[in-house]
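Please open the model in your viewer and keep the selection tool at hand.

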Amino acid sequence: MKKVLFIITLILTIISASVGQPPLGPPSANQPPDIIISVSTLNTDLVYKVNGRDRRLYQSYLGSKLDNISELKQARDAEHLAYATSGTDNLFEPAIRMTHNDGNPSLELKYVSHNIEKPDTNITITSILLKDPEYPVEVTLYIKSYAAEDVIEQWVEIVQKEAKPVTIYNYASSMLHFDANKYWLTQFHGYWAEEMKMQENELTSGIKILDSKLGTRAHMYQTPVFFLSLNEKSDENNGELIAGTLGWSGNFQFVFEVDEKGSLRVISGINPFASEYSIQPGKPFKTPSFIFTYSNHGKGLASRNLHHWATNYGILDGTKPRLTLLNNWETTYFNFNEPKLVGLLDDTKKMGLDLFLLDDGWFANKYPRNDDHAGLGDWQENKAKLPDGLGYLVKEADSIGVKFGIWIEPEMVNPKSELYENHPEWILKLPNRPENYYRNQLVLDLTNPKVQEFVYNVVDGMMTKYPGIGFIKWDCNRMMTNAYSVYLKDEQSHLYIDYVNSLYSVLARLRQKYPHLPVMLCSGGGGRVDYGALRYFTEFWASDDTDPLERVYIQWGYSYFFPSFAVCNHITSWGKQSLKFRTDVAMMGKMGYDIQINGFTEKELKFSQDAIANYKRLSDVIWHGDLYRLISPYEEDRAVLMYVNSSKDKAVLFAYTLNSRFGETFNRVRLQGLDPVKTYNIREINVQPDGQRFRPSESGKSYSGDYLMKIGLNVGSGAALSSTVFEITE
Ligand code: DGJ
């Protein structure tokens, strides 16, 4: 009998091991105990378990906080490897794939130890060391939790101590597992001037991938963000989901794989496409961070969690104020001179704005930058346009009490430039192939330390010469094609990764010297928006599309993952909407102007000056208040959202009527986030130049928070492309 039992156990063990499960059967007497490792925030637990039998690390749980984590010890052994390897018994998509220096194409990871560090009361960093039992390869999983923000950040470090380099083919930042009945994926795709278009689909068996292969301007087609709703679609206030994003300004990949049992694994990290990487012995390979939050109260809470995290940790100087500005791009393009710019400085002052931003076209002499065909790379003032140099403009700005900012695109070069002539070896281009242009330009090879030095000096040289410069817009107008680095020689597959790390090291060096200089991240619009870059930038240019109707959707999309103070919105002459509509749309983020101010009528000027004053008075609520998206433009012909400050005594509500159809009525909108027992006064601001208000206007009335949240407000008119802004004050 004993013999039969033994044989059955043996067979079961072999079967289960072959499909990647922990061996079944009774624990042996000298088996080490299971170990539970939990990572917690205020409302979330992520729990790992080291299985005593096989010493592998499994994900046991991810969800809302458990009363008693130790109960998981009794749970049937989880089958979800925390960081699944490849080459042994894993039959699904791996988090890591490697070939050892002897050619062995497999990796096995066993738990060695873990460590918990608490740099402060809010942050906990848990590191779990895993090791291959046969090869000197170590993989450490890092999980950093931000308690109050309910955000978790994950990354991985790989170290090998073999005799020669080993090659990694996959190297995810995070692997998470879910067991739900259904999965709904919300993605944000787009193109130039069409950023952040939201789509939601059910995941079915097999693999769905969201990724980028563009190298630079990497997020032009797809922003590295997603919602994953479990069991049912989630809405603003209901549903269980995670919101995830990768802090990486290059090629990224999110893999969603639903297996034969309906379990889902989500693998997030750098896109392994054309990027096998050889790691030198002893030199750690660190992945970027995957950042996520879990919510069981819908997307609204997930967004607020990410906004709080971004304000406190994710974006440079997130708690500090931003500057309102006048930009000249759409009013002059390349066609300007000194007197014209001095006029714009005066307009900046007249409007009550903080800063004038001089855009593209101010540089290069041998091949003047008079359009986008020439000059990129030659960062000296163009003598014809700026005979007295930037210093003159900085001084002029200072004398009237406004700041001066400047546009650069230091990673790029036009073939018609001195830089191209002097350093052809600094440029990414394939040997034996014609150069491939996009916007008539090529990408510099930032993996080359000499190029890094050059890019650093573009900024540092300018700032040293003109320390009065108070703002930079850093642009990046093309993706990589025909990508080949002379510098990397036979390590071409390192290019996509080394490029981004080199960019970060230049930015880090600049930040050491200029820790608080405001810098706008731009990539022909929103082609490079992610939390890897935003550690070095204070804000980003969301899109070149400034038509306010389009912007309602674009800004709505960004609002899911990025806080309003970082989303630069400019009032321009795109679109046929009223100045009021354009102003109200720009005001729900970081407001700026890029419009002919001297073409304004007296009324328009007065309206704008008042709107800027309103914005300055309310910007703290708009930038740092809690965002409640009340009516989605994806669901109705209008969009309504509001920001509420933390003491709940001030709120600002924005309502936009986007379209109006015969017989269409708009019901009252119930507000959110207020204090039910407080009484609020409602005041309409940014009233139209002709003084007309929409009827029935709620302006001047007072209601309790209870009334406003249960019954609601009439927030706008039925007229298409009209808007209302309410200041709501206790
Ligand atoms: C693309 C940016 O998105 C624009 O705002 C402007 O700066 C142009 N580049 C200048 O070339």
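A residue is called buried when its relative accessible area is under 20%. Please bear in mind that this is a predicted model.

**First stop: helix α10.** Select residues 579–587, which form helix α10. How many of its residues are buried? The helix is mostly covered, with 9 of its 9 residues buried. Click along α10 to find the buried residues L579, K580, F581, R582, T583, D584, V585, A586 and M587.

**Second stop: helix α11.** Now select residues 602–624, the 23 residues of helix α11. From its first C-alpha to its last, α11 reaches 33 Å, close to the 33 Å expected at 1.5 Å a residue. Where is the kink in α11 centred? Centre the view on L618, where there is a kink of about 60°. L618 is itself buried. Other buried residues of α11 include L605, F607, Y615 and W623.

Select the ligand and display its surroundings. It is surrounded by 13 residues, of which D359, D360, K473, D475 and D544 are the closest. By class, this shell has 4 nonpolar, 3 polar and 6 charged residues.

- D359: a polar side-chain atom lies 2.7 Å from a ligand oxygen.
- K473: an N or O atom of the side chain is 2.8 Å from a ligand oxygen.
- D544: here the corresponding distance is 2.5 Å.

Finally, display the protein surface around the ligand: of the 290 Å² of accessible area that the ligand has on its own, the protein covers 97%.

Methods
Residues are numbered from 1 along each chain as its sequence is written. This is a predicted model: local features need pLDDT of at least 70, side-chain atom pairs count only at pLDDT 80 or more; totals for chains, interfaces and linings use all residues. Side-chain values use heavy atoms; hydrogens and water are left out. A residue is near a molecule or strand if one of its heavy atoms lies within 4 Å of it. A polar contact is a pair of N or O atoms within 3.5 Å; within protein, one must be able to donate a hydrogen and the other to accept it, and residues adjacent in sequence count only if both atoms are side-chain atoms. Accessible areas come from the Shrake-Rupley method with a 1.4 Å probe; for residues, only the protein chains shown count as cover. Ala, Val, Leu, Ile, Met, Phe, Trp, Tyr, Cys and Pro count as nonpolar, Asp, Glu, Lys and Arg as charged, and the others, Gly among them, as polar. Helices (H or I, at least four residues) and strands (E, at least two) are DSSP runs, numbered from the N terminus. The expected span of a helix is 1.5 Å times one less than its number of residues. The bend at a residue is the angle between axes fitted to the seven residues ending there and the seven starting there. Buried means under 20% relative accessible area, exposed over 50%, partly exposed in between (1.4 Å probe, protein chains only).
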